[in-house]
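Here's a quick tour for anyone opening this structure for the first time. Have a look at it, then read on.

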Amino acid sequence: MKPNEQRVAVVTGGSRGIGRAICLELGRLGWSVVVNYATRPDAAQQVVAAIESMPGQALAVRCDVSQPADRDGLIDQTLERFGRLDMLVSNAGITSPGRKDILEAGPDGWETVFSTNLKGPFFLCQRAANEMVRQIRAASIPAGKLIIVSSISAYAVSVNRADYCIAKAGLSMMTKLFAQRLADEGIQVFELCPGVIASDMTAAVTEKYDRLIAEGLWPIRRWGQPEDVAKAVAAIAADSFPFSTGCRFDIDGGFHIRSL
Ligand code: NAP
């Protein structure tokens, strides 16, 4: 039997970009993976097919994380198919619509960004955590993990993406809150803080970051790749941090270092 063969992870936003790389990495490790998507079933099915050619098993589930009934459906379908939930990777997110200056941005964008990037992840983590607590108490799973994908935007300002930055900053506190509450239950909680990663989300700003990276905006002068984030998830999934919770993993080429 391959290691972790029975363990089950839900990855939100698993159809593209960072989430896709996380799904594939977990599939390689033999996890059963629920590949969540919002609008692109074909992309999610491609990820499922790739995982099923590896040691892992997979299921694609449509769920808009901003919608309560969809979130319940995601967890319910996971349990129906696999019977357990060991890890949730809350990765799905959107950028700020229109990237408007902080003095002009209206409330509509806030509603969408906050419900997708903060409120949805909070209540999905809550639902997943409650399932994990139930299963741990029933000795159906040994432990649980929540992995929350935030961003360097949790602490670095972009004045044309205030909604995105504030929502991501909220995820940092959310990580600590769940970590504190869930430690006694046997559930670890981690925040992943990616820097600028090559994906559809950053495709529109390629030229800007090509230039800034060449100028040394962060010490490791290259774009981050989705696989860089997936490797951090793999390390957590492999129980490499047994005495850690509530902490932030910087996957940013060293962007977080302050220098004079
Ligand atoms: P991406 O390439 O734009 O992919 C977004 C993924 O999220 C897609 O799978 C999409 O599904 C899904 N999604 C969007 N809205 C959703 C919703 N309401 N419900 C469920 N799924 C939804 O983005 P990415 O670059 O991989 O980013 C992934 C996460 O990393 C986001 O939280 C982002 O904020 C964060 N992040 C990204 C960067 C970066 O530089 N790229 C840096 C720091 C943090 P469909 O395919 O069905 O549309």
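Helices (H or I, at least four residues) and strands (E, at least two) are DSSP runs, numbered from the N terminus. Arg-127 lies in helix H4, residues 107-137. This is a predicted model, where local features need pLDDT of at least 70, side-chain atom pairs count only at pLDDT 80 or more, and totals for chains, interfaces and linings use all residues. Residues are numbered from 1 along each chain as its sequence is written, and side-chain values use heavy atoms, with hydrogens and water left out.

Back to Arg-127: with a relative accessible area of 19%, Arg-127 is buried (under 20%; exposed is over 50%, partly exposed in between, with a 1.4 Å probe and protein chains only). The side chain of Arg-127 makes a polar contact of 2.9 Å with that of Asp-76. Such a contact is a pair of N or O atoms within 3.5 Å; within protein, one must be able to donate a hydrogen and the other to accept it, and residues adjacent in sequence count only if both atoms are side-chain atoms.

Now for the ligand. There are 32 residues around the ligand, each with a heavy atom within 4 Å of it. Ser-15, Thr-39, Asn-91, Tyr-164 and Ser-199 come nearest. Helix H1 (17-28), strand S2 (32-37) and helix H5 (162-182) each supply at least two residues of this shell.

| Residue and part | Distance to a ligand oxygen atom |
|---|---|
| Gly-13, backbone N or O atom | 3.2 Å |
| Asn-91, polar backbone atom | 2.7 Å |
| Lys-168, side-chain N or O atom | 2.9 Å |
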